[in-house]
Amino acid sequence: MANEQNNRLGMLLQLFWIFFRIGPTTFGGGYAMMPMIEREAVQKRQWLDEKEWMQLISLAGSAPGGVGVNAAAMVGYRQAGAAGAIIAIVGITLPTLLLVLLLGLFMRVFGDHPKLVAALKGIHGAVIALMVMAAYRMARAALFDVATTFVAVVTLAVLLFTTINPIYVVMAGLLGGIVFTKGKELLGMKVLTEKASVSRNSSEIEYYI
Amino acid sequence: MLGELFIVFLKIGCVSFGGGYAVIPIIQYEALSRGWMTQGEFQQAVSLAGMAPGSIATNAATLIGYQSAGITGAVIATAGMVLPSLVLVIVLSAFILRLQNNKWLSASFYGLKPMITGLMVYAAIHFGYPNDGSILSWSFAGMLLIVACSLYLLLRYKLHPFIIIAGAGAAGIILF
C-alpha cells in the first residue's frame, strides 16, 4: 500500500519535471512542443505507442486550448488520472508564466524608455508577420472547396464590418460545422472533413499557434 | 476585478480553437470593451507576449492579468485560460479516446478551420491597424516595412520565429 503510494507520488513528480523542462524551451508555440513530448513519453518511457500518440496529437489539436498544454494534460491523465493531468498542466505552464511575469515587471520598471518602446514597435511588426504566416498556412490546409472559402470570407467580413463579439463567431463556426456535416451524412452524401492530400509537414504546422 | 478576470479568460479558454494567433482578436475585444487597456497598451502587451516561449494567447492573458491586478491577476488569468483544456481533456480522455475514431470532433473542426482562417486574417489586419488611425505616418510605414521583411525572411529562408522577433526588435530601435 505504502509502496503503491510512493509509486504514484514518484509518477507525479516525474510528470511535473518532464513538462517543466519542456515548457520554456518551446519557442514558436504548442506544435513546437510535440516532438519533445513525443521523445519523452513515447520513445524514452514507452508510456504510449506510436498509434496512440498520433491519436493523441489529433485530439489535442482539435480541442480548444494550446495543443502543447492539451497533449501534456492527456499524457498526465493517462499516467496518473486527474491529478496527473493537473500536475502536467502546471508543469508546462509554470516556467512560461514566470518568464512572462518577469517581462511584465521589466516593462513596469523600464516601460517608458524610448529604446524599449521602439523595440516593441518593431516586434509588433514581426508578430503581424507571424500572424499572416499562420493565416496563410491555415488557409492552405483548410480552404479546399467553395464552401470552406465562403466561410472564411464571410467570417472575415463579419469581423471587419460589424462589432459582434468574436466569441459568437467561433461558436457559430462550431455549430455550423456540426450541422453541415451531420446534414450531409443524413442525406447520404460523402463527407470530406479534410483536404484529400494534406501534406503533413510537421515543420510547417508549428506556426499555427 | 479578480473574479471578472477569471470568468473572461475562462470564457476565452473555452473557444480558443486553432491556437494563439486566432485567439488574439477575441482577447482584444474583451480587454478593450471592458476598458482594461487601450489599443496601444494591448499591442504592446501582445508584442511582449510574442517574446516569450509558449502560446502567445496564454502569455497575453498572463500579461493582461498582471497589468490589471498584479501577480495574483496574472495567475488567475492564466488559470482561466488553461482550465477548459484540463476539464475537456479529462472528459475526452475518459470517453472519446476509447471510441477510436473521433468523427464528431473532426465534424466540428470542419466548420472551424476555415473560420479560424478568417479570424487569423482579421487578427493580422486589426492588430496591425494603427491605434490613432493614421495610415500616412512614418511609424506605420516603418511597421509595414518590418512586416514585409519578416514575411520575406520567413518564406524565403524559413528562419525561426525567435530570430525574426529578435531582428524586428533591433530594427525597431533603428527605425523608430
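This is a predicted model: local features need pLDDT of at least 70, side-chain atom pairs count only at pLDDT 80 or more; totals for chains, interfaces and linings use all residues.
Helix 2 of chain B runs over residues 20-33, which makes 14 residues. From first C-alpha to last, helix 2 reaches 20 Å. That is close to the 20 Å expected at 1.5 Å a residue.

How many residues of helix 2 of chain B are buried? The count is 11 of 14, so this helix is mostly covered, with buried meaning under 20% relative accessible area. Here are the names.

Staying with chain B, a word on annotation. The unreviewed UniProt entry marks "transmembrane region" at residues 6-24, 71-97, 109-129 and 135-155. Take the span 135-155 of chain B. In the model it is 86% helix and 0% strand. Its end C-alpha atoms lie 26 Å apart.

Next, a loop in chain B. Which loop holds Lys158(B)? It is the loop between helix 6 (138-156) and helix 7 (161-175) of chain B. Lys158(B) is not a glycine, yet its phi is positive, about 50°. Is Lys158(B) buried or exposed? Exposed, because its relative accessibility is 57% and the cut-off is over 50%.

Over to chain A. What is the make-up of chain A in helices and strands? There are 8 helices and 0 strands. Along the sequence the pattern reads α-α-α-α-α-α-α-α. Chain A has 209 residues, and 48% of them count as buried. On contacts, take those in chain A with a separation of 6 or more: 55% join residues 24 or more positions apart. As for surface, chain A exposes about 10400 Å². Carbon and sulfur atoms supply 66% of that area.

Chain A also has a loop residue to look at. Gln46(A) lies between helix 2 (30-44) and helix 3 (50-62) of chain A. Gln46(A) is another residue other than glycine with a positive phi, near 50°. At 60% relative accessible area, Gln46(A) is exposed.

Gln46(A) has a positive phi, and Gln46(A) is exposed. Lys158(B) has a positive phi, and Lys158(B) counts as exposed. That's it from me.

Methods: Residues are numbered from 1 along each chain as its sequence is written. Chains are lettered from A and ligands numbered from 1 in the order in which they are written. Side-chain values use heavy atoms; hydrogens and water are left out. Helices (H or I, at least four residues) and strands (E, at least two) are DSSP runs, numbered from the N terminus. The expected span of a helix is 1.5 Å times one less than its number of residues. Buried means under 20% relative accessible area, exposed over 50%, partly exposed in between (1.4 Å probe, protein chains only). Contact means heavy atoms within 4.5 Å. Accessible areas come from the Shrake-Rupley method with a 1.4 Å probe; for residues, only the protein chains shown count as cover. UniProt positions are given in the numbering used here, feature names are shortened, and annotations may be inferred rather than shown by experiment.
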